[in-house]
Structure formats: structure tokens, C-alpha cells
Amino acid sequence: MLRRNSCRCLTSLRLSSTTTPITQHSYIQEYLSDSSKEEITKHLKNLGPFPTHSPILNPQHFYQNAVLLDYLKKQPHLVSLQQLAGFGSALTEQKVIDSANFVRTELPIRLALRIRELQSLPFGVVNNYHIAQVYQSYYFTFNYLRKVPKIRTLDDNQRLCLKIASLLDGGVRNLSHLMMGALEVSISDALGKDDLDALMRNLLMSRMARRMMLQQHVSISNKKSAPHFIGEMLQECRPAEMLRSSMSDGRVPLQIDGDLETSLRFMAPHLKYMFHEILRNSVEATIKTHSTKTSKLLPPVKVTIVDLEKHVLFRISDQGGGIRHDKLKSIWSFGKPPDSARKSLANFHHIPGLQLYSNLKVTPAGSSIVTPQAQQAMQHTSLSESAGKKTSLDHLMARPLNYHLGVGLPMCSVYADYWNGSLTMNSLDGYGSDTSLTLRKLDNHSNIIRLDRA
């Protein structure tokens, strides 16, 4: 009897396996249509350690890259603002050639450090799509610059500048990838907050230093460098005017007092971005707190400018309800709660014109190609404004007020720190916040600027 029941069960099992065969889709929930299952399985191979979207992230690259190890034995040169400015004063052919050779030898060393830092990250971080895009961009630039022969003539230098323009154009979208990558890493909890913040600060500061060096070289190569200073990168800025242009919502008045005629030489895009994000944060909080209570003008955001001997201080005060003391520290972190990070990521994808895909063209062997966009960019002095294109910062600032990204203040903190300044906030929960931005005045004697942030 037992044997007969066993046979009957075996027959039933065989019939079951015949009518419901095991397929590559068996583990996917049954309610999905066949077309959905097919679409999902197309992407399964990208869940492995080496995604198909990257020509760089492969076993050969990681385990046979002895060249990178050689560069890691070298030390980057510590460069001050004053030293960099020296290339731009009393230009000669030899100075241009010396600048070219400095760029071609210094940047591969600095890039190797960042590439190695990314390689050392946990699997779930370096394999993130956005972080992988940054890694790939770094490696293409490193791989090109290390192969550039010694620059001997101005014609050699012109060819180098064309490649630099192409590489910088291809790296424009790295900023948005870094920000989105940080949010996705927060969701997956692949890296702790402190480690994520340290990584982002290292990558962002190193990025700014490298781009300043490259932009300065292109500027002096075009012989447009201002005497005794750094090309056209640092401009004479009038903070009061920049603050007024940063306010985009008429419901919240802006009141500016103090040293209204103050001007300082600074990296204008960075200053605009810091003003915009800080004011935006105050305006958002004010509208959220007061818009349902009155139809009249809401409480103002007040900015006080204090012009000191070596610094300029900006105090931004609002009545936006403040932040609880136990949450105040978290506003400076790139690590966000998963729900908040998901909302921010969705907003990123709705920002008009934000570049998320590279213009960088590469050969099957991984070499970069000079694009028409790069040749057009060479007609301009500052590559950050090449060919009249908007930068990533421009698109981020132009987004609608309700597109909250969650990483604006951490980004501003890094920019302030890079320029030897500081950004702090005091908050009275239930009333409002005071944000203090302190910036060091930059001049041709500045010898502490963080160009040593390799």
C-alpha cells in the first residue's frame, strides 16, 4: 500500500513538473506578465560584480591594473593659489609649455588616489550605477593623461587642450552622479553616514582642485589670463546683487542690510550656488510654516553682510519654524533616511536640462575621442561656461522650488570649506534659523587655498 501511494505521489510530481516546468522566470512572482518577466531578466546580468553598462568595471581592469599601483607610489604636489596665479602673469611661451607639462604629470597622480579610494569601497557602493559613472570618467581621464608625451611646442599644447576640453565636457555630469549616488547609497545602507560624508568631501574637493588646474591651463593657453591672477575663474563679485538674483519666490521678502557695497574676488558659480541653496532652504521653510496661516506676504528672510579685514560674513535669518536640536547635525550629511532619499532621487530625474549622460566618446580600447563640443569649448576661456552651455550647478539652481534634493546644504558646506570658509546654523525650534556663511577673501597672495586637496 505504501509503495502504491509512493508511486502515485511520484506520478503526480512528474505530471506537475510537466505542466509547470522550471524556467528562468520561475522565481519571479506569478502575477507578472510574460512580457514583464522577459524585460526584468534582461537586467539580471547587471546585478553581478561587473555590470554590462561599463567598459571599465571588469575583472581585467581591477586585477591587472599595475599601472595604477605605480602612480600610487608618487606624491601629489601641494599647490597654492599664488603659485597657480604665477603661471598667468607675464605670459611667455615657456610658461605655457611648463604649465602643460605640470598638468599632464600632476593630474594622473591625483586621479590615481581617487580611483584607488573608489576601488576600496564596499561592493554595493562602487557598483552603484552613479558611482560607477564617476569612476569610469576618472579612469578615462587618468588613462589619457598618463600617455601624453612631454609637451615641447605650442602645437603640442593645443592638441592637449583639445583633449582637456573633451574630458572636462564629458565630466560635467559627474557632479549630479555624485549627488544621486550618495542618495542611492543611503537607501541601500551600503556605507555609514560618516564614511559616506568623508568620501563625498574627498571626491568633491579633489574635483574642484583638478578642474581649477585644468581651467587655468586652458585660460593661459588662450592668452586670456588676467595679470597676476587666475584667468577668468575668479571674478569680482558683489554679494548684495547676487543675493537678490538668488531669490525666485515673490511670496517671501528678502531684506539685505550691513555692508551692501562689499565686493570680493571669488569663484562666481560657487558663490551663486551657496547663496541660492541657503536662501532656498530658508524660503522653503518659511512657506511651509506660514503659507496656510495667511494670504499676505510671509515673514522675510533677512541677510546681514559684514565686511571684515580678511573675511566676509553673511548671516541669513528666517522664521521658518527652525529645526529640532537633535536633527540639526544631520542636515550637513549626505546620508539621508531612505524615504527622504527616494523623494530626492525622483526630483533629480525631473530637473529640466540636467545632464546625466556623458558627451565623452571612447574607442573599444577605452581611449577618449575629441568631440565637436570640445573643439567649440576651446573658443572660450572658462570651460565652466564653454559654448554658452549651462553647468550642472545652473540646472540645479533653476529647478522649481518644490524639487527638494536634500543634499544642497552638505554641498554648500563642502564648497565653503574648500575656500577656507565655514557654514554653520543655529536654530530655535518652533521659530526659525540663523545660517552663517563665512568666506575668506581671495587675492593673489592667498597661499592656503586647498589646491593641495588631491
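**Before you start**

The model is predicted, so local features need pLDDT of at least 70 and side-chain atom pairs count only at pLDDT 80 or more, while totals for chains, interfaces and linings use all residues. Residues are numbered from 1 along each chain as its sequence is written, and side-chain values use heavy atoms, with hydrogens and water left out.

**Stop 1: the whole chain**

Show the chain as a cartoon. The secondary structure comes to 18 helices and nine strands. Helices (H or I, at least four residues) and strands (E, at least two) are DSSP runs, numbered from the N terminus. The chain has 454 residues, and 50% of them count as buried. Buried means under 20% relative accessible area, exposed means over 50%, and partly exposed is in between (1.4 Å probe, protein chains only).

Now think about contacts, meaning heavy atoms within 4.5 Å. Take the contacts with a separation of 6 or more: 78% of them join residues 24 or more positions apart.

**Stop 2: the largest pocket**

Select Asn281, Lys288, Ile323, Ile331 and His404. Of the 37 residues lining the largest pocket, these lie nearest its centre. The space in this pocket is about 1200 Å³.

A pocket is found on a 1 Å grid over the protein atoms alone: it is an open set of points with protein on both sides within 12 Å along at least five of seven lines. A cavity, which comes later, is a set of points where a 1.4 Å probe fits but cannot get out. Lining residues have an atom within 4 Å of a point. Grid points are joined across faces, edges and corners, and a volume is the space filled by probe spheres set on the points.

Next, colour helix H13 (268-290), helix H15 (338-348), helix H18 (408-418) and strand S9 (432-440). Each supplies at least two lining residues. Which element gives the most to the lining of the largest pocket? H13 does, with nine residues.

The lining divides into 11 nonpolar, 15 polar and 11 charged residues. Here Ala, Val, Leu, Ile, Met, Phe, Trp, Tyr, Cys and Pro count as nonpolar, Asp, Glu, Lys and Arg as charged, and the others, Gly among them, as polar.

**Stop 3: His290**

Stay on helix H13 and select His290, which is found there. Is His290 buried or exposed? His290 counts as buried because its relative accessibility is 16%. Its side chain reaches the backbone oxygen of Gln319 at 2.8 Å. Leave aside neighbours within four places in sequence, and His290 is in contact with Leu298, Pro299 and Gln319.

**Stop 4: Ser317**

Move to strand S5, where Ser317 is found. Ser317 is buried, with a relative accessible area of 17%. Its side chain makes a polar contact with the side chain of Arg315 (3.4 Å). A polar contact is a pair of N or O atoms within 3.5 Å; within protein, one must be able to donate a hydrogen and the other to accept it, and residues adjacent in sequence count only if both atoms are side-chain atoms. Not counting residues up to four places away in sequence, Ser317 touches Pro300, Val301, Lys302, Ser433 and Asp434.

**Stop 5: aromatic pairs**

The whole structure has six aromatic pairs. Rings of Phe, Tyr and Trp (its six-membered ring) pair if their centres lie within 6.5 Å; planes under 30 degrees apart count as stacked, over 60 as edge-to-face and the rest as tilted.

Select Phe266 and Trp419. Their ring centres are 5.2 Å apart and their planes stand at 50°, so the pair is tilted. Phe266 lies in strand S3 (residues 264-267) and Trp419 in the loop between H18 and strand S8 (422-428), so the pair ties together parts 153 residues apart in sequence. Phe266 and Trp419 are both buried.

Now select Phe275 and Phe314. Their ring centres are 5.0 Å apart and their planes stand at 75°, so this pair is edge-to-face. Phe275 lies in helix H13 and Phe314 in strand S5 (residues 311-318), so the pair ties together parts 39 residues apart in sequence. Phe275 is buried at 1% relative accessible area, and Phe314 is buried at 0%.

**Stop 6: the second largest cavity**

The structure holds four cavities of 30 Å³ or more. Select Thr141, Leu168, Asn174, Arg210 and Arg211, which lie nearest its centre among 13 lining residues. H11 gives the largest share of this lining, four residues.
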